[in-house]
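This report describes one protein chain, from its surface and overall dimensions down to single contacts. The sequence and structure come first.

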Amino acid sequence: MCPSIGHEHTRAQRALRVLAEALARGGHHVLRLDYRGLGDSWGRLEDGGVEPWCEDIELALEQLAALSGSRQIDLVGVRVGAALAATALARGVGARWSRGRLVLWDPVLSGGDFLDVAIRFQTTFLNDPMRFPALMTEAKKRPPGEDLLGYPYPDGLRSSLQGLDLAALTPWPAVATNIVLSGPLPGSDDLAARLSAAGVRSSFEVVADADGAWQDYSRHELTLRAGKIVQVIARRLEETP
């Protein structure tokens, strides 16, 4: 299971745990991954990037296979983690095993999209009068710096994320792909056409009344409630690829 990064990693952590526990109760071997620099893993966020995080996905699969003895893999990724999961498979990660499903949960279509939202949120945060009283004028109209919502994004990491682009992913991994959404995804028609052109069996499913709102600043610190999407993803992983 591939999480998002930064503030979205924090927001979705409990939801991924709930999903992992639901899958485990259904008989799946599940491993929740923290990339280097995030969560319980070693290093700092600036040690990461698309290439090292794809390496981390491969290491996690090696560990899961060793612990479980399973020879079939499924990957579930949320937001940036969805884009990383697809990119890792496209780069040959997991080629030694039978590939089951790739589940993309509210995927970001590019790392640039994620950074744009994080920069906007950081600007709003710094100029939020509810956080910084009027007397704290030094906090007013302050431009975002390297840190975005408490996580450092130096130039090297930002450059790496700018290169993360599902629309340009070639070749798309030859694995059944389910896109599960909490709301409309701008660019989904282009992604659907991309999958169709690659001959990939895919589905797009919008879950009614599901929590998400990833671009809503007022919700970025609220724990993601994902019960409905958890149920949908669990059902998809029970289907024959």
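## Surface and overall dimensions

The chain has an accessible surface of about 11500 Å², and carbon and sulfur atoms account for 51% of that surface. Accessible areas come from the Shrake-Rupley method with a 1.4 Å probe, and for residues only the protein chains shown count as cover. The model is predicted: local features need pLDDT of at least 70, side-chain atom pairs count only at pLDDT 80 or more, and totals for chains, interfaces and linings use all residues. Residues are numbered from 1 along each chain as its sequence is written, and side-chain values use heavy atoms, leaving out hydrogens and water.

Of the 241 residues, 51% count as buried (under 20% relative accessible area; exposed is over 50%, partly exposed in between; 1.4 Å probe, protein chains only). The C-alpha trace spans about 60 × 35 × 35 Å along its principal axes.

## Order of elements

The chain holds 7 helices and 6 strands, taken as DSSP runs numbered from the N terminus (helices H or I, at least four residues; strands E, at least two). From the N terminus, their order is α-α-β-α-β-α-β-β-α-β-α-β-α.

## Strand 2 and its neighbours

Strand 2 (residues 98-105) has 6 of its 8 residues buried. Strand 1 (residues 72-78) runs parallel to strand 2 and is joined to it by 6 bridges; two strands pair if DSSP finds at least two bridges between them. Within this pair, Val76 stands opposite Val103.

Leu104 has Ile179 of strand 5 as its bridge partner.

## Helix 2

Helix 2 (residues 50-68) reaches 27 Å from its first C-alpha to its last, close to the 27 Å expected (1.5 Å times one less than its number of residues). Its buried residues, among them Val50, Trp53, Ile57 and Leu61, pack against strand 1, helix 3 and helix 5. Just after the helix, Gly69 takes a positive phi of about 80°.

## Leu164

Leu164 lies in the loop between helix 5 (155-162) and strand 5. Leu164 is buried, with a relative accessible area of 3%. Not counting residues up to four places away in sequence, Leu164 touches residues including Val50, Val80, Leu84 and Leu109 (contact: heavy atoms within 4.5 Å).
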